[in-house]
Amino acid sequence: MFGHKNVARLPRGYPQFFDRGQGAVIWDVDGREYVDMLCSWGPILLGHVDPEVEAAASTAAARGDCLNGPSPVLVELAELLTDTVAHADWAIFSKNGTDATGLAVAVARAETGRGQILMAHGAYHGIAPWSAVPGTPGVLDQEVSSTPRYDYNDIESLERAVDRAGTDLAAIVVTPIRHEVRRDLEDVKPEFATRSRELCDRLGAVLILDEVRCGLRTDPRGSWEPLGIRPDLSAWSKALGNGHPIAALLGIRALEHAATTVSATGSFWLNSAPMAAAVATLTRARQADLLTSMTAAGSAFQQGLRDQASAHGLVVSVSGPATMPFMTFDGDDDFDVARVWAAACAERGVYLHPTHNWFLSAAHSPAIISRVLDATDLAFGRVAAWS
Ligand code: PMP
């Protein structure tokens, strides 16, 4: 068992294996039921086993999921994406977030003929060597970008990194918000987003927005669209297929040629069932009411956490967009308190994570949120008694 889904990283009592999911609820193999506040680490946007998404996927699968070429649903999905995401003129598809961010890096290097990719300290863009932390076992030093990382939202550090990259700057990669593990989530400062766009424009570099985690949970037109800042490339996965394996790299017209030159392919990348699932998911995600009701539910959850913590005499910081909330305890640098609280939530049938942000889906109704808040209140009580 490897990576983020290894339960060894969670407090004792969390299940490793699951039996099924339905809407906002999941069941482990021992039959225990949890409200899923992690949404499979992001992919579940409409709820587990959404009937429309599953019908679309199984209809496509029944016709042959993996054929010698794509089904026309590829064109339908590409058109829907380019119609939805403001900066996008074209799309190429793959499976995972790592594929999409890796393709973005390849397209940026192919276009510019340069090598350096700037990314933020602590940011996660997948498991490819270009974004690895130096010293990661199995990764050669020469595979890791040699330019020091910038600090998210810190214009000076971004400018320093750009200076260090010099004439070899190919791209700045940035996430729509700061969403590193083990810290409060932080909105992007508009002036930081603006500066990253200006620097890329001035230096002929490519601005890559990694939408893998935020995509479809903040603004389906693109998470920086409300700021009026458009990237050149954006990488999407997770929520795109409501749990079906699909990723997309979207780009502007000027990068279309470069995108046709990079090495991009995979045995399962053009399977039709995940694309049909993505069409169904995106069709729903484009409807304004989806984010409105998810945001209302998420805001009620965030406010409920704040109120409960203060009623228990605990100081917490609740952060993140309403659809991607997170909470830390004051002074809990090692996340010991968070682990006690999360374990108590799990015991009471709410599955969330002590160090990674959570996700809401459309299935998180007001009734589900109030069920979650009943459990979190008891968990705060446990923490208050423990600390
Ligand atoms: N980028 C971001 C911002 C992510 O959160 C993740 C996954 N957590 C990835 C890229 C990599 O996606 P995947 O795990 O599907 O390869």
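Visitor: Which residues surround the ligand?
Guide: In this predicted model, the ligand is surrounded by Asn-96, Gly-97, Thr-98, Tyr-124, His-125, Gly-126, His-179, Asp-210, Val-212, Arg-213 and Lys-238, where a residue is taken as near if one of its heavy atoms lies within 4 Å of the ligand. Residues are numbered from 1 along each chain as its sequence is written, and side-chain values use heavy atoms, with hydrogens and water left out. Local features need pLDDT of at least 70, and side-chain atom pairs count only at pLDDT 80 or more, whereas totals for chains, interfaces and linings use all residues.

Visitor: How does that shell divide by class?
Guide: The shell around the ligand has 2 nonpolar, 6 polar and 3 charged residues, with Ala, Val, Leu, Ile, Met, Phe, Trp, Tyr, Cys and Pro counted as nonpolar, Asp, Glu, Lys and Arg as charged, and the others, Gly among them, as polar.

Visitor: What lies 2.7 Å from an oxygen atom of the ligand?
Guide: That is a polar side-chain atom of Thr-98, while a backbone N or O atom of Gly-97 lies 2.8 Å from a ligand oxygen, and a backbone N or O atom of Tyr-124 lies 3.4 Å from a ligand nitrogen.

Visitor: And how much of the ligand's accessible area does the protein cover?
Guide: The protein covers 89% of the 390 Å² that the ligand has on its own, with accessible areas taken from the Shrake-Rupley method with a 1.4 Å probe.

Visitor: Switching topic, how many cavities of 30 Å³ or more are there?
Guide: The count comes to 3, a cavity being a set of points, on a 1 Å grid over the protein atoms alone, where a 1.4 Å probe fits but cannot get out.

Visitor: What lines the largest cavity?
Guide: The largest cavity, with a volume of about 50 Å³, is lined by 13 residues that have an atom within 4 Å of a point, and His-87, Leu-209, Arg-221, Gly-222 and Pro-231 lie nearest its centre.

Visitor: Where are the domains?
Guide: An automatic or database domain assignment gives domain 1 as 3–49 + 288–386 and domain 2 as 51–285, and 27 Å separate their centres, taken over C-alpha atoms. Their contact, meaning heavy atoms within 4.5 Å, takes 29 residues from domain 1 and 24 residues from domain 2.

Key
A polar contact is a pair of N or O atoms within 3.5 Å; within protein, one must be able to donate a hydrogen and the other to accept it, and residues adjacent in sequence count only if both atoms are side-chain atoms. On a 1 Å grid over the protein atoms alone, a cavity is a set of points where a 1.4 Å probe fits but cannot get out, and a pocket is an open set with protein on both sides within 12 Å along at least five of seven lines; lining residues have an atom within 4 Å of a point. Grid points are joined across faces, edges and corners, and a volume is the space filled by probe spheres set on the points.
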